[in-house]
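Please read the following report alongside the sequence and the structure shown below.

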Amino acid sequence: MSGFNGIVVLYNMQMTFKVGYRYKNGKIEKIIQLDPEKSGINNILNQQNNLSNVNEQITRPGPSGAKLAINNNTNKFASLDVSCYSTYIPPNDGYYVPGCDCEGYWVTTCTFHSVATPWIIDFVPDPNPSGTPSGGGSNVIPVLYGFYGALPDPCNVDPNSPVTMFCDDGRSAYLNEINQILGLNLAQQQWLLNNFEMEAVFRTYFENNGGATQENVQFIQWAVSYLLEHPNINLNEFKNQFFPITTIIADPDADNWTDPDDEILFDSDQTVYQQYQDNQPWPTIDRVIGYEKFVPIRKMSDDPTKYVNCLVLAKEQLGKVGYTCSGYLPQSQTFLIYTEQDGVDLSKTKKAISYLLSSLSQNIPVLIGVDNRAGAPTANKDNSTDHYIVVVGMGTDSKGRYFQFVDNATDNRATGASYSNRLYYNSNTGKITGQTAVVNYRNRAGMHDYIVTQVRKSIIKL
Amino acid sequence: MRYLTILLIILLFSCKHLNAQVYEKEVKNTILNFLKWHKEGKEHKPNEYYFVPRYDGKGTSKNYFDRDSLNLYFNNFRQSGFVSETYINQLKEYFDYYEKFLGNKPEDGEMIKVDGLDQDIVLNTFEPEEILDNLPQSKITKILIIYNKALVGINFKKNVDMIFQLTKMKNKWLIDYIGADNTRNYSLFRQ
């Protein structure tokens with residue numbers, strides 16, 4: 001969007017606000033989530049509807065030749081000619097601008113030539129601070145826009161309408177911006193142009209994951225390359241798998257992910273889980289922890305020949321979406337469902353399945369233990385649980401009903417967070433078994449398929 | 001004369017009881033001090049690496065933990081003064097068991113879990129805090145001392161019980177064996 005410093009991303013015709021961004025030190029940063037209760041967005045609209053009030057403020061011409069790109073969520077795009085002006089908004093006027101250390105900011109208001117409704121489409125920094133009120137200008141930040149009213153269908157506009165439509169112009173402007181970050185080749189740029197919905201997805205990914213860091217850029221570059229090479233992939237499924245929308249409840253800071261193993265956390269879920277009945281539905285729930293949030297195995301800092309405990313890694317994996325679990329609490333928070341000595345406890349298995357269904361339905365991942373080899377050292381022959389993993393999804397395929405899991409036994413995200421990490425429920429035996437996609441672990445001598453031994457209840461990490 | 005005999009019997013009984021109490025205290029101190037030593041990670045010395053997989057040819061029988069490196073580890077236990085050579089053999093058996101699952105040399109630098117190296121080696125659990133964080137409130141549940149041998153059951157918290165076997169050598173109790181007491185159905189070590 002040439003001439004604009006902010007970025008307009010319209011996902012939904014009914015929305016009146018969205019997220020803003022700015023560029024800083026090569027990163028896209030989220031600036032503001034306009035809260036309609038706090039932002040005074042209606043106040044803005046009222047101002048725009050009353051031009052006399054606007055004129056009473058300091059105004060200046062907006063970016064010339066500006067165009068508004070519209071994604072109406074139907075993959076139709078248009079770029080409409082608009083006329084704009086910018087207005088200086090002094091501080092403390094009811095707008096909520098977290099992190100703004102400026103003494104005000106500029107609002108650019110644009111109006112469609114053919115549409116009576118005025119459109120507030122962007123907050124932009126003052127591109128030329130000269131002549132601004134004191135303190136305003138150089139430190140002001142680009143924020144977001146809101147819009148109001150019903151948008152015309154950009155691809156079904158009356159040809160006689162004075163609205164000018166350029167189906168690609170808006171996209172090109174966006175692409176130029178994101179291409180500066182990603183450095184895509186021509187084929188990749190063309191793919192992104194043809195699949196423009198992914199542009200917004202990538203931007204959101206940057207926003208939610210700390211900006212355009214090297215790792216994030218590499219991940220998006222991989223996604224573009226992969227999608228270009230696999231044109232038959234369903235984009236929605238791909239988005240759900242790799243770019244899910246999750247709510248971070250706790251800060252997944254590396255220093256506070258884990259808890260002492262013997263901690264007894266309060267479980268606010270006092271549900272008495274009934275046994276799952278085989279004729280009950282088995283919903284399909286896509287992964288509740290994003291692919292990019294995979295926690296790779298690592299070695300101990302004080303001894304590089306030792307590995308971080310898989311239970312700790314699994315807890316860290318839960319922590320990525322704000323959950324943890326208590327220590328071993330077999331009579332309250334741990335479902336013990338299988339041991340090598342006694343086999344399956346069918347009643348507990350079915351209760352554990354009910355719990356898993358309930359949790360995954362609420363986007364809550366669940367830590368489980370598995371047995372993957374026979375026997376144990378002499379000091380504890382009764383031991384069954386050899387490894388811990390995290391259940392992140394479920395569904396049904398040709399092999400039956402399964403739970404999908406993340407396996408932190410590797411530092412390779414492609415296998416550790418693979419879609420093919422699946423544990424199948426056998427309703428006849430009650431066993432929940434399956435193979436890990438971590439082939440070099442799975443194929444070791446003496447190893448067998450994972451058998452779920454226990455399910456631990458997830459607790460919100462406060 | 002009759003009173004003297006009774007007095008002697010009482011004295012003898014008291015001495016024996018006193019001796020048992022002293023032994024019990026010595027045994028418990030040895031166990032708890034060893035666990036404190038382990039909790040502080042004293043078996044790991046700076047710049048010493050103990051668990052080095054070796055891949056000396058094709059076939060899993062050629063894969064093993066480097067013995068020289070392991071010996072450094074075992075020596076640290078010997079030098080602690082808490083354990084006997086019998087316990088060192090228990091440690092050796094631990095690595096003998098797990099090296100069967102070492103697998104082939106990882107390709108392309110991929111880091112993959114090595115079973116046995118991501119849990120507490122001494123306590124055989126992924127959750128050592130269940131024991132090590134409960135040392136002050138640990139209680140002897142059963143103890144049997146015969147001459148120079150002691151068999152001790154210790155409870156650390158609900159469902160967390162362990163067995164220790166010790167031998168008295170040169171007037172000092174040394175740990176021969178550390179294992180799980182899985183008497184309870186919900187024992188931590190049964191999971």
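Predicted model: local features only at pLDDT ≥ 70, side-chain atom pairs only at ≥ 80, totals over all residues.

B:D161 forms a salt bridge with B:R184, and the closest N and O atoms of the two are 2.9 Å apart.

## A salt bridge within chain A

Over all chains, the structure holds 20 salt bridges. One of them joins the side chains of A:K457 and A:D269, at 3.4 Å from N to O. A:K457 is found in the loop between β17 and β18 (458-460) of chain A and A:D269 in the loop between α7 (235-242) and α8 of chain A, so the pair ties together parts that are 188 residues apart in sequence. A:K457 is buried, with a relative accessible area of 4%.

## Charged pairs between the chains

How many salt bridges does the rule find across the interface of chain A and chain B? There are two salt bridges across this interface. In one, the side chains of B:E127 and A:R456 meet at 2.9 Å, N to O. This pair crosses between chains, from B:E127 in the loop between α3 and α4 of chain B to A:R456 in strand β17 of chain A, and both B:E127 and A:R456 are buried.

Another salt bridge brings together the side chains of A:R373 and B:D115, at 3.1 Å from N to O. These two residues also belong to a network of salt bridges in which A:R373, A:D386, B:K113, B:D115 and B:D118 are linked.

## The interface as a whole

In total, 50 residues of chain A are in contact with 48 residues of chain B. The area buried between chain A and chain B is about 4,300 Å², and carbon and sulfur atoms give 50% of it. Across the interface the rule also finds 34 residue pairs in polar contact, with both residues at pLDDT 80 or more.

On the side of chain A that touches chain B, the elements that give two or more residues are α8 (310-319), β13 (387-397), α11 (439-442) and β17 (447-456) of chain A. Among these, β17(A) gives the most, with three residues. The residues of this side divide into 19 nonpolar, 18 polar and 13 charged.

## Aromatic pairs

A search of the whole structure finds 34 aromatic pairs over all chains. One of them is formed by A:Y388 and B:F126, an edge-to-face pair with 5.5 Å from centre to centre and 85° between the planes. A:Y388 lies in strand β13 of chain A and B:F126 in the loop between α3 (85-98) and α4 (129-132) of chain B, so this pair joins two chains.

B:F51 counts as buried at 1% relative accessibility, and B:Y73 is buried with a relative accessible area of 1%.

How values were computed:
Residues numbered from 1 in each chain as written. Chains lettered and ligands numbered in written order. Heavy atoms only, no water. Contact = heavy atoms within 4.5 Å. Buried area = accessible area lost by both parts, 1.4 Å probe. Salt bridge = Lys/Arg side-chain N within 4 Å of Asp/Glu carboxyl O. Polar contact = N/O pair within 3.5 Å; in protein donor to acceptor, adjacent residues only side chain to side chain. Helix = DSSP H or I, 4+ residues; strand = E, 2+ residues; numbered from the N terminus. Nonpolar A, V, L, I, M, F, W, Y, C, P; charged D, E, K, R; others polar. Phe/Tyr/Trp six-rings, centres within 6.5 Å; stacked < 30°, edge-to-face > 60°. Buried < 20%, exposed > 50% of the residue type's maximum accessible area, 1.4 Å probe, protein only.
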